[in-house]
Amino acid sequence: MIERSEGLWTIDHPLRVGPMPLGTRTTLVRLASGDLCIHSPGPLGDGVREEIDHQGRVAALVAPNCLHHLFLAENAAAWPGAKVFLAPGLQARLGDLPAAETLGGSAPEAWSGVLDQLVVGGAPRMGEVAFLHRPSRTLLLTDLVFNIRQRPPGLARWIMAVNGMVGHFGPSRLARTLFFRDRRALRTSVDRILGWDFDRVIMTHGEVVESGGRSLLEEAFAFLRA
């Protein structure tokens, strides 16, 4: 667990998708109540649960898009008192998920004033919800951008290069081809995100951007203005 700022931690987990070593990341946020919110819950082995419990009581579990739910049931079982929040479309797609509230355009009371949120338009199959951690000026994203800098060996290197998943900050070629369906709606959402006050960017795949994140995001989505 790495403390990124007061009340904000990240936990990196190994994760392979086929031959690709993508890795994944959980973000832990301290709420105004003192309780914790887990963004993109990951596996709880190797002492991860104990590390989280050491920071306080888990009150909220957030699946921030339609692709990041693999460990949600495990986390819900570990903290049965936590409220579950799902990206739009996820509950209908996977009916065996825990009872939950669907994330919308405004922050629920649980994290109001600490986290702002925005449902990203134009990519309904991804169902991405972006968050701003106000106290630390940190943007929390899931699969809207990648920042994997270390190129893996062998077949994985070729697959990730072809899909635009490695060597740069920005959306993968896979996302641009399969998930981005309405460029105008996506541009509107990205413009709203760029209107937030952030510097750091935490995403689930790749290296955290500690500063200069706003400029990188603007450059990564410049193609929407073409």
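Is aspartate 46 buried or exposed? I found it exposed, at 85% relative accessibility. For my own reference, buried means under 20% relative accessible area, exposed means over 50%, and partly exposed is in between, with a 1.4 Å probe and protein chains only.

**Ground rules.** I am working with a predicted model, where local features need pLDDT of at least 70 and side-chain atom pairs count only at pLDDT 80 or more, while totals for chains, interfaces and linings use all residues. Residues are numbered from 1 along each chain as its sequence is written, and side-chain values use heavy atoms, with hydrogens and water left out.

Aspartate 46 has a positive phi of about 55 degrees, although it is not a glycine. I located aspartate 46 in the loop between strand 6 (36–39) and helix 1 (48–55). Helices (H or I, at least four residues) and strands (E, at least two) are DSSP runs, numbered from the N terminus. Arginine 137 also isn't a glycine, and its phi is positive at about 55 degrees. Arginine 137 sits in the loop between strand 11 (129–133) and strand 12. I noted arginine 137 as partly exposed, at 36% relative accessibility.

I traced seven strands in an open sheet, in the order 1-2-5-6-7-8-9, with mixed pairing. Its edge strands are strand 1 and strand 9 (101–102), each pairing on one side only. Helix 1 packs on this sheet and touches strand 2, strand 5 (24–30), strand 6 and strand 7 (58–63). The direction of helix 1 makes about 175 degrees with that of strand 2. Here axes are lines fitted to C-alpha atoms, for helices over the stretch in contact, and angles run from 0 to 180 degrees between N-to-C directions. Two strands pair if DSSP finds at least two bridges between them.

**Strands 1 and 2.** How many bridges join strand 1 (residues 2–5) to strand 2 (residues 8–13)? I got three, and the two strands run antiparallel. Glutamate 3 has tryptophan 9 as its bridge partner, and serine 5 stands opposite leucine 8. The hairpin has two residues between the strands, and glycine 7 takes a positive phi near 80 degrees there.

**Strand 10.** Strand 10 (residues 115–119) is mostly covered, with four of its five residues buried. Five bridges join strand 10 to strand 11, and the two run antiparallel. One position I checked was aspartate 116, which stands opposite leucine 132.

**Helix 7.** Which residues are buried in helix 7 (residues 213–220)? I listed Gly213, Leu217 and Ala220. They are on the same side of helix 7 because they cover an arc of only 65 degrees around the axis. That arc is the one of the directions from the helix axis to the C-beta atoms. The buried residues of helix 7 pack against strand 12 (138–140), helix 6 (183–194) and strand 13 (200–202).

**A covered threonine.** Threonine 142 is in the loop between strand 12 and helix 4 (154–162). I read it as buried, with a relative accessible area of 0%. Not counting residues up to four places away in sequence, threonine 142 touches several residues, including His39, His68 and His205. Contact means heavy atoms within 4.5 Å.

**Cysteines.** I counted zero disulfides, taking a disulfide as a pair of cysteine sulfur atoms within 2.5 Å. Cysteine 37 is buried at 1% relative accessibility, and cysteine 66 is buried with a relative accessible area of 3%.
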